[in-house]
Structure formats: C-alpha cells, structure tokens
Amino acid sequence: MAEHGSIFRAMLQEFDDAARLLELDPGIWKILTQPKRQIIVSCPVQMDTGEIEVFTGYRVQYSITLGPAKGGIRYHPDVTLDEVTALAAWMTWKCAVAHIPFGGSKGGIICDPTRMSRRELEALTRRYIAEIIDAIGPEKDVPAPDVNTNDQVMAWVMDTYSMHVGHTETAVVTGKPIELGGSLGRREATGRGVMIVAREATKHLGLDISRATVAVQGFGNVGAVSADLTARTGAKVVGITDWKGGVYNAKGLDVAKMLAYTQEHKTVEGFPGGEPLTNEQLFTLEVDVLIPAALENQITVANAGAIRAKIVIEAANGPVTPDANNILQARGIFVVPDILANSGGVTVSYFEWVQDRYGYFWEESEVNARLEKKMHEAFHDVLQTSLRYNVDMRTAAYIVAISRVGTVTRLRGMYA
Ligand code: NAD
C-alpha cells in the first residue's frame with residue numbers, strides 16, 4: 001500500500017466526487033486510486049568539492065493503462081513521494097482528458113539545483129536516469145521537463161538512455177532541444193492551449209474573445225505566451241504581474257513590447273506602458289478572463305470572494321485551492337481546470353514523441369493545427385459532460401478522464 005499524505009488525498013477527493021457521479025464500479029475505483037509503480041533510488045554524486053553526496057530520487061508511474069506513462073522530472077528540496085504520486089495521478093487524468101494514448105507518471109529528486117554547478121547537475125541527472133533505466137523508454141515511460149529542469153537536462157536524459165541501449169533513442173524523453181528531436185511549437189504549446197480554451201470559454205458564455213478583457217498572473221513560459229496569443233486575437237490584456245510586481249493599463253498593454261522589456265529587465269515591473277499593479281490588485285480586476293499562470297495556491301479563501309472575473313483559466317497547476325474553488329463556483333464564476341486548461345503542453349509532447357518515432361518532423365503550422373483540433377475537442381468533451389451531469393468543469397474533466405481510463409481498464413480485464 002502506498003504511503004498517502006495530504007496532496008495525494010486532495011487528488012483523491014476530486015477523484016471521489018467525480019467517481020460517485022459516474023457510479024464507478026467499486027473494483028475499478030480501487031484500481032484507479034492506487035499508483036501502479038513507485039520507484040525510490042539513491043543517487044551518489046561526487047560534488048565539485050570532491051565529497052560524495054547521496055540524493056534521493058523518485059519515479060512514480062501512476063498508470064500505464066492507456067499507453068506509456070508520461071510526466072516530468074522536478075528538482076526541488078521539498079520533493080516528496082506523496083507529492084510525486086499526486087502529480088503522477090494528475091498526469092494520468094490530464095492525458096486522458098487530452099485524449100492522447102499515454103498513462104501518467106512523475107519524477108523528482110530531492111536537491112537544491114540553485115546551489116549546484118552544471119557539472120553536478122549533469123552527473124546527478126545521468127545517475128538518476130541510470131538508476132531508473134529499466135523502467136523508462138519510448139514504450140514504457142517518457143519523462144519531460146518540470147520545475148527546475150529544462151531542455152538541457154532532457155538532452156542528458158536522452159543521451160544517458162541512448163548510451164545504455166547502444167543506439168540513439170530520441171523518443172525516450174520530450175521537451176528536448178529542437179536539434180535533437182524536439183518539436184517545433186512545443187515551447188509555446190501550453191500558452192497556445194490556454195488561449196484556445198479562453199476563446200472557447202468566452203464563446204460559451206456569449207462573449208467574444210476579440211473584445212474580452214484579460215488579466216494574467218505570471219509572465220514566464222506559460223503566462224507570456226498566453227498573454228501574447230490572447231492579445232493577438234484582439235483581446236485587451238489589461239493587467240500582468242510576475243514575482244516582482246505588475247503593470248495595469250485599462251486601454252490594453254502592449255504585450256509584444258513587454259516581452260522585449262522582460263528580456264532585458266527579467267521582470268514586468270517598471271514597464272513604461274502602464275501603472276504599477278500588485279498581485280492582490282490583479283485578482284480584483286473587473287475583467288472577463290483571469291489567467292493564473294504562475295504558481296499553485298494563488299486563489300485561496302482569502303481572495304476568492306474578491307475576484308470579479310467572469311472566467312478563470314487555470315494555466316498553472318493547482319492555482320485555485322479546493323475551498324476557494326467552492327467559493328468561485330458558488331459565485332457563478334466559470335473555472336476551466338488545470339487538467340484541461342494547460343494540457344496543450346503534454347499534447348505537443350505527444351506530437352514530439354510521435355515525430356521521433358516516425359523520424360519525420362512536422363512544420364510548426366502542422367503542430368499548431370493539430371493542437372488546435374485536440375484542445376477544441378477536449379474543451380467541448382468536458383463542456384458537454386458538465387452540461388450533461390450539471391456539474392462544474394473540474395468535476396466534468398475528472399468524469400471524462402475516469403470514464404476513459406476506467407473503460408480501458410475494464411476492457412483489458414484482470415491479468416492473473
Ligand atoms: P516559469 O518559471 O517560466 O514562469 C513562472 C512565472 O510566474 C514567472 O513570470 C514568475 O515571475 C512568476 N511568479 C513566480 N512567483 C510568483 C508570485 N509569487 N507571484 C506572481 N508571479 C510569480 O514557469 P512556467 O513554465 O510558465 O509554468 C507556470 C505554471 O504552469 C506552473 O504551475 C507549471 O507547473 C504550469 N505548467 C507549465 C507547463 C509548461 O509547459 N511550461 C505545462 C503545464 C503546466
């Protein structure tokens with residue numbers, strides 16, 4: 001029996017609510033609420049000082065029912081088995097909602113990458129991959145970047161795996177540099193997906209994205225692309241904040257200029273095209289669409305009552321706490337949950353894996369067109385389910401995911 005703490009329990013609570021409405025078979029219920037496999041490894045690394053440090057690493061494959069497990073690797077001092085297990089479960093539901101043939105997994109190493117040299121990080125990455133090598137592979141489990149890992153780390157993952165199997169195997173990992181089998185459009189994919197669901201959500205509420213007002217928290221990979229692409233539809237992005245500060249302009253911010261500004265200043269704070277804006281103020285703006293694209297637990301019981309947006313698009317993972325979610329629902333705010341809203345990233349990761357296996361690479365326009373189709377379908381599958389069961393979009397997304405994984409579990413039957 002796996003060791004389950006609070007984050008995993010929070011996931012189970014969301015799962016149970018949807019499973020009850022679905023009248024899920026109790027046997028399938030038991031199967032889907034346990035991780036398939038949890039791996040714990042010790043990774044000794046010789047540090048630059050000459051001393052040996054031993055780091056603990058995890059890889060949890062929550063489900064391989066729909067296909068190879070899929071999920072990122074994070075490097076952080078607070079990584080726990082409980083957290084990695086919950087994140088692996090969420091990847092399972094996200095892949096199922098996105099309707100891609102992947103299960104869900106996650107990896108993590110307890111370390112502080114901000115205090116490690118590039119050589120130490122490379123050594124740690126290679127040793128971790130060597131320790132879990134039998135469990136990963138294009139048909140088994142396909143890692144990707146997550147918190148504090150990037151395309152360079154994925155290049156080391158790909159190289160280490162390839163050295164072990166004796167040939168170059170690009171499809172073992174996604175989020176790689178383009179030069180070694182990465183996909184065009186991957187970097188922008190999550191933000192592009194956010195823009196697509198924002199467009200569909202406004203349409204559903206009888207609004208028009210090209211005339212909507214938008215506020216975005218976070219101006220990193222996801223937030224900046226979401227703001228940029230949303231502004232390109234004609235929408236007015238009136239507020240943007242990041243870790244340091246923010247900017248407001250009722251007439252609409254020039255997002256393209258802000259991208260250039262942040263290249264130089266590493267923050268949006270001080271951007272000359274608007275007035276200063278705090279994170280607290282951003283959440284109280286009267287806008288059509290609010291996009292939290294920074295961190296988890298940003299909308300809590302403390303500020304959920306003050307939110308005046310009509311729509312909240314969860315671009316980040318877990319930006320709304322469960323209690324705050326109840327407040328938003330009670331106030332009639334339309335929330336697009338993270339497992340749908342930010343699934344553009346894993347969808348294009350799937351495209352990367354397909355292209356690597358084909359050895360044939362698509363134009364960026366083809367990647368974007370296929371992403372558009374997948375996100376549109378995913379949004380409307382969840383919306384139809386929410387209307388059919390008369391539930392919010394989060395519960396509906398779980399219903400879609402659980403019924404897809406549950407159906408395949410039942411069809412495959414019990415191997416004994
Ligand atoms: P990132 O590191 O590129 O950007 C994070 C942004 O949040 C930065 O602009 C940072 O300044 C801002 N930020 C940090 N702390 C803040 C604070 N306290 N208040 C306001 N802003 C703050 O990260 P990212 O890749 O854009 O990821 C953002 C979120 O989206 C995370 O929750 C991540 O898990 C999720 N996500 C990312 C992807 C992806 O493809 N990158 C895919 C799915 C989900």
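This is a predicted model: local features need pLDDT of at least 70, side-chain atom pairs count only at pLDDT 80 or more; totals for chains, interfaces and linings use all residues.
Start with the ligand. Its shell counts 18 residues, with T190, F219, N221, V222 and W243 the closest of them. By class, that shell splits into 8 nonpolar, 8 polar and 2 charged residues. The backbone does some of the talking here: a backbone N or O atom of V222 sits 2.8 Å from a ligand oxygen, while for W243 the corresponding backbone distance to an oxygen of the ligand is 3.1 Å. G220 also has a polar backbone atom 3.1 Å from an oxygen of the ligand. On its own the ligand would expose 830 Å², and the protein buries 70% of that. As for secondary structure, the elements giving two or more residues to the shell are α6 (186–204) and α7 (221–232).

Next, the charged pairs. Side chains of opposite charge can pair when their charged atoms come close, and a search of the whole structure turns up 25 salt bridges. One is with E352, at 2.7 Å from N to O. Since K176 lies in the loop between α5 (151–165) and α6, and E352 in helix α12 (residues 344–358), this pair ties together parts that are 176 residues apart in sequence. K176 and E352 are both buried. The other salt bridge of K176 goes to D356, with an N to O distance of 2.6 Å.

A contrasting case is the salt bridge between the side chains of E286 and R308, at 3.2 Å from N to O. E286 is in the loop between α9 (279–283) and β10 (289–292), and R308 in the loop between β10 and β11 (311–313), so the pair ties together parts that are 22 residues apart in sequence. E286 is exposed, with a relative accessible area of 61%, whereas R308, at 46%, counts as partly exposed.

Finally, the cysteines. The structure holds 0 disulfides. For C111, the closest cysteine sulfur belongs to C43 and is 9.5 Å away; a disulfide needs the two sulfurs within 2.5 Å, so that gap is too far for a bond. C111 counts as buried because its relative accessibility is 5%, and C95 is likewise buried, at 0%.

Methods:
Residues are numbered from 1 along each chain as its sequence is written. Side-chain values use heavy atoms; hydrogens and water are left out. Buried means under 20% relative accessible area, exposed over 50%, partly exposed in between (1.4 Å probe, protein chains only). A residue is near a molecule or strand if one of its heavy atoms lies within 4 Å of it. A polar contact is a pair of N or O atoms within 3.5 Å; within protein, one must be able to donate a hydrogen and the other to accept it, and residues adjacent in sequence count only if both atoms are side-chain atoms. Accessible areas come from the Shrake-Rupley method with a 1.4 Å probe; for residues, only the protein chains shown count as cover. Helices (H or I, at least four residues) and strands (E, at least two) are DSSP runs, numbered from the N terminus. Ala, Val, Leu, Ile, Met, Phe, Trp, Tyr, Cys and Pro count as nonpolar, Asp, Glu, Lys and Arg as charged, and the others, Gly among them, as polar. A salt bridge is a side-chain nitrogen of Lys or Arg within 4 Å of a carboxyl oxygen of Asp or Glu.
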